[in-house]
Amino acid sequence: MADDKNKNKLVDDDYGHRQYVPRPLCEQTTFSCNKLLLFLYQLLYLFVGLGLFILGVFTELERQNHRHLNNSLSLPVALVMFVGLFVAINAFGGIYGTLKENSLLLKLFLSFTVIAFVVQVAIGVLAYIYKRRVVSMVRPDLMFGVEAYSDSTEITAAMDTLQSTFGCCGITSFQDYETNPNFACTAGSSVPEACGVPSSCCTPQGLSDFGEEMCGQGVRLNTTSPTGRVYIDGCVNSFTFLLSSRLDLVGAFALGCAIPQVIGFLLTYYFIRRVENNRCWYTATNSDLYQAL
């Protein structure tokens, strides 16, 4: 049995020296193709991780403008940033393991890729759940922003940014500022803001005609004065659309990047098997060569 085994692996060269038989060309080609495809996949995986992280960073920067009004995107955005960084680091380790044909690094890469896959699917599901609840979550926060306008600089800045960015005023209409004690018509004539709205509700034409301080004052005394002077539509639809679109983007990117990873699982698994088979083959061959010598 041992002679038959040696005969299959060892041959004499032209000088009578014993040497091991090279692996079949087709098997070497398959191994090289698997290695190349896995490397390209891991390179793409690295860019996906960086893309997720960058998407999370930009979404977080945009969320910071409204964080005092609504914090509903904090969990999905934090998960996207974490997974993106995790995927990028994992991909870098996988690339190194592939180039060095290190089975331990490749097994770690495969394990962490499966974990990242599960988390990405969870992000997609969370984004879908949050999108369905976004209207019910946004309305109370916007109402709080209207009622507490001028109570703190953070809330004032958040409402001003929201209203000036989307060209809106209040929640459903500019009349919502009646719920704010400073802007209510019952505040009395001694209060300049009475029956008015913040200057961030003013249109460019209103600011040009009346100035920032006077533009929003007294606009709710009758129904004709706001025309062209301030925005009369509320912000709930615009803000809901913003959050929904961001959740759509986060969910679609997370799920879209997760599904092709199944191919990466197979490429990594088969490459690990081939690396270990090659190691066993060369180990056995060198042992036979040593015994023959």
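Buried means under 20% relative accessible area, exposed means over 50%, and partly exposed is in between (1.4 Å probe, protein chains only). This is a predicted model: local features need pLDDT of at least 70, side-chain atom pairs count only at pLDDT 80 or more, and totals for chains, interfaces and linings use all residues. Residues are numbered from 1 along each chain as its sequence is written, and side-chain values use heavy atoms, leaving out hydrogens and water.

Q: What is the mean pLDDT of the protein chain?
A: pLDDT is the predictor's confidence in each residue, from 0 to 100. In the protein chain, 77% of residues reach 70 or more, and the mean is 76.

Q: Over residues 16–21, how many contacts does the model have beyond near neighbours in sequence?
A: The pLDDT is below 50 over this stretch, residues 16–21. Counting heavy atoms within 4.5 Å as a contact, the total beyond near neighbours in sequence is 23.

Q: Cys-185 and Cys-195 form a disulfide; is it right-handed or left-handed?
A: A disulfide here is a pair of cysteine sulfur atoms within 2.5 Å, and these two sit 1.7 Å apart. The torsion about the S-S bond of Cys-185 and Cys-195 is about 105°, so the link is right-handed.

Q: Where does the disulfide partner of Cys-202 lie?
A: Cys-202 is joined to Cys-215, S to S 2.2 Å. Cys-202 is in the loop between α5 and α6, so the pair ties together parts 13 residues apart in sequence. With helices taken as DSSP runs (H or I, at least four residues; strands are E, at least two), numbered from the N terminus, Cys-215 lies in helix α6.

Q: Which residue forms a salt bridge with Glu-101?
A: The rule asks for a side-chain nitrogen of Lys or Arg within 4 Å of a carboxyl oxygen of Asp or Glu. For Glu-101 the closest N and O atoms are 3.1 Å apart, and the partner is Lys-35.

Q: Which helix holds Leu-61?
A: Leu-61 is exposed, with a relative accessible area of 53%. Its helix spans residues 25–64 and is α2.
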